[in-house]
Amino acid sequence: MFEICPETAADEPEVEALYDLCFAPGRTALSSYRLREGVPRVADLCLVLRDPSDILLAAIRFWPVRVARRPVLLLGPIAVHPTAQGEGLGGLLMRDSLARARRLGWGRVLLVGDAPYYGRFGFSRLDHVVMPPPTNPDRVLGLELRPGAWVGVEGPVMRETSPGVLEGMAEMSRGANVLSACITVDHPREDIDGDQSAAGASTDQ
Ligand SMILES: CC(C)(COP(=O)(O)OP(=O)(O)OC[C@H]1O[C@@H](n2cnc3c(N)ncnc32)[C@H](O)[C@@H]1OP(=O)(O)O)[C@@H](O)C(=O)NCCC(=O)NCCS
């Protein structure tokens with residue numbers, strides 16, 4: 001059994017250490033980090049996954065951004081500890097966080113990553129959405145949580161600066177206490193061999 005919970009301040013050092021382990025040095029120099037600087041995370045959607053010994057095995061974070069003035073969720077970083085990759089834990093965090101996002105009322109999600117991996121969660125290339133350079137346009141992927149939410153939403157991805165939206169996020173969080181709850185989940189692959197190694201997706205963020 002694993003537990004998935006919203007990330008707390010106490011989790012933060014472990015989450016940062018996991019990201020440092022899973023990503024190349026200098027990860028915060030990526031252009032996508034410029035969209036996050038000084039912007040609060042979407043706290044209800046930043047999740048950690050721990051094993052029965054309380055070991056942190058995976059984490060996912062989300063930030064608010066804007067495209068064509070519309071609110072968009074920027075998914076990432078997501079990381080699974082190298083010893084646990086390829087066991088379905090990334091999929092668990094993707095599905096749970098996206099379900100929470102839908103219930104919170106978010107309409108559209110954006111990420112920069114491998115289409116062959118993220119396609120399984122419904123993501124596809126966003127032809128007319130432009131991340132800050134240098135970003136390979138083939139890796140700019142989107143998902144509609146509400147049908148049609150990406151239709152006509154085009155242009156550069158902008159940092160969220162509107163205090164109104166950030167206040168709105170806080171209000172949504174207060175009104176959705178149920179989402180703050182932890183959930184327990186079974187291992188996604190009961191037949192997993194402990195020695196099986198990762199097939200890690202090559203992704204940005
Ligand atoms: C990417 C990552 C989060 C995926 O999590 P995970 O728990 O290892 O992945 P899952 O077990 O849910 O999924 C594994 C499946 O994805 C497939 N997969 C992995 N990488 C893939 C890729 N680049 N392209 C296509 N499929 C890929 C595997 O082949 C496997 O397929 P299967 O289900 O048919 O066997 C994890 O590997 C990781 O942390 N990687 C390093 C950090 C990183 O790149 N993070 C993403 C940045 S936003």
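What pLDDT does the protein average, and what share of the residues score at least 70? The average is 88, and 84% of the residues reach at least 70. Here pLDDT is the predictor's confidence in each residue, from 0 to 100.

This is a predicted model: local features need pLDDT of at least 70, side-chain atom pairs count only at pLDDT 80 or more, and totals for chains, interfaces and linings use all residues. Residues are numbered from 1 along each chain as its sequence is written.

View 1. Helices (H or I, at least four residues) and strands (E, at least two) are DSSP runs, numbered from the N terminus. Of the 205 residues, 34% are buried. Buried means that 20 or more other C-beta atoms lie within 10 Å of the residue's own; exposed means 12 or fewer, and partly exposed is in between, with C-beta atoms placed from the backbone.

**View 2. The largest nonpolar core has 47 residues.** Such a core is a set of buried Ala, Val, Leu, Ile, Met, Phe, Trp, Tyr and Cys residues joined through C-beta atoms within 7 Å. Leu47, Leu49, Leu73, Leu74, Leu93 and Leu110 have the most contacts inside this core. Elements giving it two or more residues include α1 (12-22), β4 (70-80) and β8 (140-144). The largest share, 8 residues, comes from β3.

**View 3. Leu73 and its contacts.** Two residues are in contact if their C-beta atoms, placed from the backbone, lie within 7 Å. Beyond its neighbours within four places in sequence, Leu73 touches Val42, Phe62, Pro64, Ala101, Trp106, Arg108, Val109 and Leu110.

**View 4. Helix α3 and its cover.** α3 has 16 residues and reaches 23 Å from its first C-alpha to its last. That is close to the expected 22 Å, taken as 1.5 Å times one less than its number of residues. Its buried residues include Leu89, Leu93, Ser97 and Arg100. Among the elements covering the buried residues are β1 (2-6), β5 and β10 (183-185). Just after α3, Gly105 takes a positive phi of about 100°.

**View 5. Strand β9 (residues 155-159) and its partners.** Strands pair if DSSP finds at least two bridges between them. β3 and β9 pair in the antiparallel sense over 3 bridges. Val65 stands opposite Arg159 in β9. Strand β7 (residues 129-130) pairs with β9 in the parallel sense over 2 bridges. There, Val129 stands opposite Gly155.
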